[in-house]
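These are my notebook entries on a structure that is new to me. I set down what I looked up, in the order in which I looked.

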Amino acid sequence: MSATAEDEGLAARAAAGDERAFGELTRRLLPRLRRWALARTGDPDEMDEVVQETLIRMHRALAGFSGEARLTTWVYRILANVASERRRAAGRRPSLSLDGGGEPVDPAATTEDPVTSLHARRMAAVVRDYFETLPPGQREVLELVDHQGMRPVEVAEALEMNPVTVRAHLFRARKALRRRILERYPELMEGYGR
Amino acid sequence: MTCADALERLLVADPAALRGDAGADLELAAHLEGCGRCRTVAGTLAAELTALDREVEALAGRAIRSASGSRSTESRRPGWWRRGRWAWLPLATAAVLATILVLPRGERAGAGARVGALPTPRETPLAVSLPEDRGGVVMSTGNPRITVVWLYERSEQ
C-alpha cells in the first residue's frame, strides 16, 4: 500500500473516531507539515504555532474530508489558511529567528580547519539566502516541489494558485538561490563571461 | 549547447538534471557528459542544495517523536466527555506546559505524566512518558526548555 493510501486509510479511521489512527496520522504528517510551515513562515517559533493550529483544525474537519483532493493537498490548504490568518492577525512580515537550538550552522563552533570553517560559512549563507532572500511565496513553492516532491499542479491546488504562477515562482526561486550559491564560488564562474 | 546555455539551464533545471539525469533534461545531460567545467558547476549546485535540504530538515524536525502508547485501553468515560475531549486539548497542553515550566524538578517526579529532569539547552530533549491509557504526541519547540505535549483519550473500540 502506498504512503498516500495509508495516510488516507488512517484519515478515514480517524474521522470515524479512532483516536489512535489520528495519532499515527499526525506522526506521519508532522515532519512534512513542519517543513512546509517553516518554509512558509521563515520562523521556527511561528512554525510550531501554525502546525499545532493546523492539526487541531484538521481533527475538527476530518469528518468532512471527501477524498476528492489528496489528503496532503487538503491538509496543506488548511495550513496555508492558518498561516495566512496568523500573519494577517499579527500584521508583521515573517522573519527567521535562528536563535535557540535550531541554529543550523555556527561557524564559531566549528573546528579551526579553514576548509571546514569555509564550508560552514558558505552553508550558513545558503540557509540565510533561503530564508531571507527568497520571497515567501517562491520559497514555499520551491519547498513543496523540489524538497517534498509535489507536482506543480498539486501545489497549485493546495495553494489555490494558477499553475502558471506556480511554475513562475519555482523557476524564479531556483534561479535566485542557485545564483547566490554560485556567487560564492567565483573560481567556478571564470570563463562563463559573467 | 554552449557552456553559457548550459549554465542558464542549470539555474532552473529540476534537481535530478543537476546530477546529469538524462530523463530530466536530455540535452543538458549530454552537455554535462562532455564538459568537465559544467559538470563541476552542476555537482557543486547539487551538493549545496542537498546540504541546504539537510539544514532545513534539521531546523524543522528537531526531536519530533510520537509518544502514542501501544496498548489500547477501552475508555469508560461517559459520552459527553468523549464528545468534548478535544475541547480540553488547549487546557491540557497548557497544564502540561505549566507543569514542565513551573514545578521544581523534585515535585515533577511521580506526577501523572512522568517528566524527566529539564535538559541542558541544546543537549538532551525533554523526556516525557505518557500514561498508558492515553494517546499523545510530543513536539519540541524552538525553545529547548519547552516541549508541547498533546494528550487525548482513546476512543472506545
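What percentage of the 157 residues of chain B count as buried? I found 25%, where buried means that 20 or more other C-beta atoms, placed from the backbone, lie within 10 Å of the residue's own.

I noted that this is a predicted model, in which local features need pLDDT of at least 70, side-chain atom pairs count only at pLDDT 80 or more, and totals for chains, interfaces and linings use all residues. Residues are numbered from 1 along each chain as its sequence is written, and chains are lettered from A in the order in which they are written.

I then listed the elements of chain B, which has 7 helices and 5 strands; these are DSSP runs, H or I of at least four residues for helices and E of at least two for strands, numbered from the N terminus. Their order from the N terminus is α-α-α-α-β-α-α-α-β-β-β-β.

Next I turned to chain A. Helix 2 (residues 19-41) and helix 6 (residues 136-147) of chain A pack at about 155°, with axes 7 Å apart; axes are lines fitted to C-alpha atoms over the stretch in contact, and angles run from 0 to 180 degrees between N-to-C directions. Helix 2 and helix 6 of chain A are therefore roughly antiparallel, the term for angles over 145 degrees.

Last, I looked up A:Val141. Leaving out residues up to four places away in sequence, A:Val141 touches A:Val155, A:Val166, A:His169, A:Leu170 and A:Ala173, contact meaning C-beta atoms, placed from the backbone, within 7 Å.

Notes: Parallel < 35°, antiparallel > 145°, perpendicular 65-115°, else oblique. Buried ≥ 20, exposed ≤ 12 C-beta atoms within 10 Å, placed from the backbone. Contact = placed C-beta atoms within 7 Å.
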